[in-house]
Amino acid sequence: MTTSPAPTTAGTPATGRPRVVVVGSGFGGLFAAKALRKAPVDITVIGKTGHHLFQPLLYQVATGILSEGEIAPATREVLRHQANARVVLGEVVDVDLAARTVTSTVLGRTTVHPYDELVVAAGAGQSYFGNDHFAEFAPGMKSVDDALELRGRIFGAFELAELATDQAEIDRLMTFVVVGAGPTGVEMAGQIAELAHRTLRRDFRSIDPQRARIILLDAAPQVLPPFGPKLGEKARRHLNEIGVEVQLGAMVTDLDADGLTVKDADGELRRIPAATKVWAAGVQASPLGRLLGDQAGAEVDRAGRISVQPDLTLPGHPEVHVIGDMANHPDKLPGVAQVAIQGGRYTADQIQRRLAGKAPRGPFRYRDKGNMATISRFSAVADIKNMKFEGFIAWVIWLVVHLFYIIGFKSRITTVLHWMVSFLGRGRSQRVATQQQVYGRLALEKLGDGFATSKTGGPKDHPAQPDTVNPEQQQDLVGRRTA
């Protein structure tokens, strides 16, 4: 057994090479780190989780098509052949621009990481527009935990409806509301409809899953606003055809365990009883944006994005690069994966130029590769370089593009197999749902941050340690004792 240790320290011997710290293991951070694989630098990737997340396919985890492993490979595995890169687990809680240090913490262990070049790609979380209490009953779609919780809530609602005897309770359990008619909301609503009307229709005896009510809500007047009115209207019509009620101009004013209150465009309030709610409306950038803004004197917008220079650096700090959803670029770039990927590669090139004493490249220019969203099997919409696609052709394009960006040959193969099972057949290979998935988040929030630390034998009241230590001293700093 182990006793309470001193703080763990990510000890790497000093090489004298420039230190590049990358905050975040999403698209921006990971692609920046990979683009520096041949550079004479030491890279430290600090991730809040131990995996890279292919977020556009989270809704397929939530609806039982894919497993979380297929869209969330371990970051260490992705970078295992990159000798100049090291991965550490931790949530960044402070950045000191003057001292050029990043402080991260995990389960009470605090580490200080010095840097010469800093890449901040911490991404964004769900925004409830000031109503954070909605999160208790309406999970977002930003993490593996969110997707697994929603899977448990969706499949669990049908199970509970099978047991219910009161028709009003059955109707509430079999009503699914998705808030937000952007790509995530449209894809989620479409897959819940397919799940109810196709996959589960013969699995129950007391209820008819085909009678489930799926509602897609948005305060905006259009489905898929970035796609333009034509594709948005076609998407709305197809959603109606597969059994999704699209309610536009409808703003959520209240939300609880039993349902939600909606305010229509005419100001009338109405109540929708629903057990399962999915929040797919709005994003809020990482709090690190505001922390950096306060130190650098840069403006931070309402969504928490920090204003950056045209080359993605902070004003007065050419060594600090902010990419992806956190950056408010002068060109007003969209919050999509391609912006983060291209920004990561651009930043890696800028870092190598700076360290080599070369002139920097021109400002970052985003190459728009288009927008696409699935509606149901064999149907999607795509807007690629002013060319509009819909139906089966758009769906095939969507499959190819998403398969290309899934990391790892093994994940691509298993993803194709699961897609065949779900789209050509009626099955969903990932239907396991547990009470822990559904209630674990709420239980941990109630117990507080100290609970997890207390159960790991974590450090207690020890000072933060520097990121670089002498290897001979590392064992003393860790300080574990066994009995």
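Here is a short chat about charged residues in this predicted model.

Visitor: What makes Asp 42 and Arg 17 a salt bridge?

Guide: Their side chains meet at 2.7 Å, N to O, and the cut-off is within 4 Å, so the pair counts. Asp 42 sits in strand β2 (residues 42–47) and Arg 17 in the segment before β1 (19–23), so the bridge ties together parts 25 residues apart in sequence.

Visitor: Are those two buried or partly exposed?

Guide: One of each! Asp 42 has 18% relative accessible area, so it is buried. Arg 17 has 34%, which lies between 20% and 50%, so Arg 17 is partly exposed.

Visitor: How do you know that Arg 431 and Asp 203 form a salt bridge?

Guide: Their closest N and O atoms are 3.0 Å apart, and within 4 Å is what's needed. This pair links distant parts of the chain, 228 residues apart.

Visitor: Why are Arg 236 and Glu 233 said to be about one helical turn apart?

Guide: Because they are three residues apart in helix α8 (residues 228–241). Arg 236 and Glu 233 also form a salt bridge, with closest N and O atoms 2.5 Å apart.

Visitor: How many salt bridges turn up in the whole structure?

Guide: A search finds 23.

Technical notes: Residues are numbered from 1 along each chain as its sequence is written. This is a predicted model: local features need pLDDT of at least 70, side-chain atom pairs count only at pLDDT 80 or more; totals for chains, interfaces and linings use all residues. Side-chain values use heavy atoms; hydrogens and water are left out. Helices (H or I, at least four residues) and strands (E, at least two) are DSSP runs, numbered from the N terminus. Buried means under 20% relative accessible area, exposed over 50%, partly exposed in between (1.4 Å probe, protein chains only).
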